[in-house]
Amino acid sequence: MRTLPRVPTTRKPRSIEAIRCARMKGYFAIGVEGISKPANLGALIRTGHAFGASYTFSVAPATDAVDFGSSDTSEATKNLPFYRFPSVADLLLPQGARLVGIELLDDAIALPSFRHPRQAVYVLGPERGGLSDAMVARCDHIVQIPTRFSINVSLAGALVLYDRLISLGRFAPRPVRSGGPTEELPPHFHGAAKFRAVPAEADRDESR
Ligand SMILES: C[S@@+](CC[C@H](N)C(=O)[O-])C[C@H]1O[C@@H](n2cnc3c(N)ncnc32)[C@H](O)[C@@H]1O
């Protein structure tokens, strides 16, 4: 039997890659508004878990059920908080987090040109229709995936989280030619401690 020649690779075991993803600065959550198919909700929660979400949520769901399909190997609901908010007005966000609506709207920012907030809460719309006007009004940003027509909601969520991973995560650079990386991931340098100059006694603004 012919075996493929061993080529030097910079690929790391999956667990190390996962740890690196987890070390991405900031955090994110992902959820959906008005979802009606339990399988789509299950797929979205599972996707969020796989990409390292801090929690998942559902706003004004049309169903209370979550279906993970035949096997939920990740046991997402046991390992990740899942919140239900009855309406858009009830939606709570962590302090400092930005709400990012994912919707195919004309004036939305194209995903490849979007800078993901370090603290982000992503919300997607239901299978029919889209994000409500109330939800769009609450969002800090609206982002669209440049597709010719709408795609499945959990697939849209996966693309957004993958884009976050490759734009904020640290990976070895892509080579010029096709194939795997030829350069190692540059080592991460922790910045030196920053010390602010203490103003002279006479310059201090006592009112602060
Ligand atoms: C199946 S789509 C909604 C149906 C769609 N409005 C229609 O009637 O064709 C469900 C959700 O997936 C997300 N979605 C799907 N395709 C998208 C895209 N190209 N860009 C941004 N979001 C998308 C949005 O959050 C949307 O509300």
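Entry on a loop. I looked for Ala 60 and found it in the loop between β2 (55-59) and α3 (76-79), in what is a predicted model. I then read its backbone angle and noted that Ala 60, although not a glycine, has a positive phi of about 40°. I kept this value because most residues other than glycine have a negative phi.

Is Ala 60 buried or exposed? I counted it as buried, because 20 C-beta neighbours lie inside 10 Å of Ala 60 and the cut-off for a buried residue is 20 or more.

Entry on strand β6. I went on to β6, which spans residues 119-124, and noted that the strand is mostly covered, with five of its six residues buried. Which strands pair with β6? I found that β1 (residues 27-33) pairs with β6 in the parallel sense over six bridges, and that β4 (residues 98-102) also pairs with β6 in the parallel sense, over five bridges.

Entry on the ligand. I listed the surroundings of the ligand and found 18 residues around it, the closest being Leu 124, Gly 125, Ile 145, Ser 150 and Ala 156. Sorting this shell by class, I noted eight nonpolar, seven polar and three charged residues. I also noted that Leu 124, one of the closest residues to the ligand, falls within the range 119-124 of β6.

Technical notes
Residues numbered from 1 in each chain as written. Predicted model: local features only at pLDDT ≥ 70, side-chain atom pairs only at ≥ 80, totals over all residues. Near = placed C-beta within 6 Å. Nonpolar A, V, L, I, M, F, W, Y, C, P; charged D, E, K, R; others polar. Buried ≥ 20, exposed ≤ 12 C-beta atoms within 10 Å, placed from the backbone. Helix = DSSP H or I, 4+ residues; strand = E, 2+ residues; numbered from the N terminus. Pairing = 2+ DSSP bridges.
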